[in-house]
Amino acid sequence: MAQTTVEKTSVTLLGLGAMGTALARTWLAAGHPLTVWNRTPSRAAALAADGAKSADSAAAAVAANALVLVCLLDDASVDKALAGADLAGKDLVNLTTSTPAQARARAEWAHERGARYLDGGIMAVPPMIGVPEAGGYVFYNGSRELFEQHRETLGAPAGTTYVGQDAGFAALYDVALLSAMYGMFAGAAHAYALIRKEDIDPTSLAPLLADWLAAMAPSVHQTADQLRSGDYTEGVASPLAMQVAGAQTFLSTAEQQGVSPELLSPYFALMRRRLAEGSGEESLTGVIDLLVR
């Protein structure tokens with residue numbers, strides 16, 4: 001019986017930092033013909049040895065294939081790299097970290113130059129790329145038709161999650177999730193600081209801390225439900241008034257342990273403001289309304 005070989009989409013990738021290199025290796029491993037470019041040409045040498053084509057310029061790399069992916073340092077780097085490239089008829093996928101406003105402006109910029117455009121937000125670190133069980137994925141926004149056309153190719157390095165046509169949504173989802181991550185890091189930093197001067201092995205606190213954070217994580221669903229309904233008292237187990245009353249214990253403990261309260265104080269201040277303006281029976285969801293200008 002004759003076997004049918006499915007031809008893999010050819011890919012151009014601009015940017016070979018740690019993330020770009022990880023992306024490149026997964027496309028090569030998946031059998032996609034790959035053309036790469038990097039401002040520092042030496043970074044392309046190892047990939048070229050593994051079968052990638054190394055372009056002398058970003059413009060030449062763009063000219064090589066219809067599907068062009070960009071993974072550079074910042075939005076300004078995208079401007080510089082693509083300044084001399086002919087984007088007419090190209091499918092441009094920008095994986096460079098940017099703000100929603102930058103992503104929307106870049107989409108208009110690409111369309112004015114005759115390109116179809118997708119913007120992406122990578123929810124992974126380089127070691128997670130090409131490792132499905134690691135759980136990494138990329139947010140994509142833009143034309144649904146364009147996304148579906150390239151979905152298989154885009155999914156080779158990591159999972160794909162489409163978040164709508166708005167050109168700023170992938171960047172917004174990306175920053176929203178990473179902002180929550182930094183909040184978690186801040187809380188963990190404060191927790192470790194509290195025990196730093198005590199005869200407590202931090203590795204004994206780590207599993208307790210990880211389990212506690214995992215147990216608290218589902219509360220984000222209740223917050224979302226309350227924001228949608230507008231009822232911040234629905235299903236509340238620990239009302240705002242009780243939590244504000246208990247906040248001083250956390251601040252006093254920090255003082256007694258010789259730990260700065262600077263990571264906790266701003267949030268406690270918002271809680272007190274919300275209590276003064278709202279109901280003590282509601283959850284902490286109302287703090288969100290104080291943050292929105």
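Analyst: In α10, the residues Leu240, Val244, Ala247, Leu251 and Ala254 are buried, meaning under 20% relative accessible area with a 1.4 Å probe and protein chains only. This is a predicted model, in which local features need pLDDT of at least 70, side-chain atom pairs count only at pLDDT 80 or more, and totals for chains, interfaces and linings use all residues. Residues are numbered from 1 along each chain as its sequence is written, and side-chain values use heavy atoms, leaving out hydrogens and water.

User: Where does α10 bend?

Analyst: The bend, of about 30 degrees, is at glycine 246; it is the angle between axes fitted to the seven residues ending there and the seven starting there.

User: Which residues touch the most other members of the largest nonpolar core?

Analyst: In soluble globular proteins, nonpolar side chains tend to be buried together. In this core of 30 residues, they are Leu13, Leu23, Leu69 and Leu95; a nonpolar core joins buried Ala, Val, Leu, Ile, Met, Phe, Trp, Tyr and Cys residues through side-chain atoms within 4.5 Å. Its largest share, six residues, comes from α1. Apart from this core lies another, of 21 residues, including Trp37 and Trp109.

Terms used. Helices (H or I, at least four residues) and strands (E, at least two) are DSSP runs, numbered from the N terminus. Buried means under 20% relative accessible area, exposed over 50%, partly exposed in between (1.4 Å probe, protein chains only).
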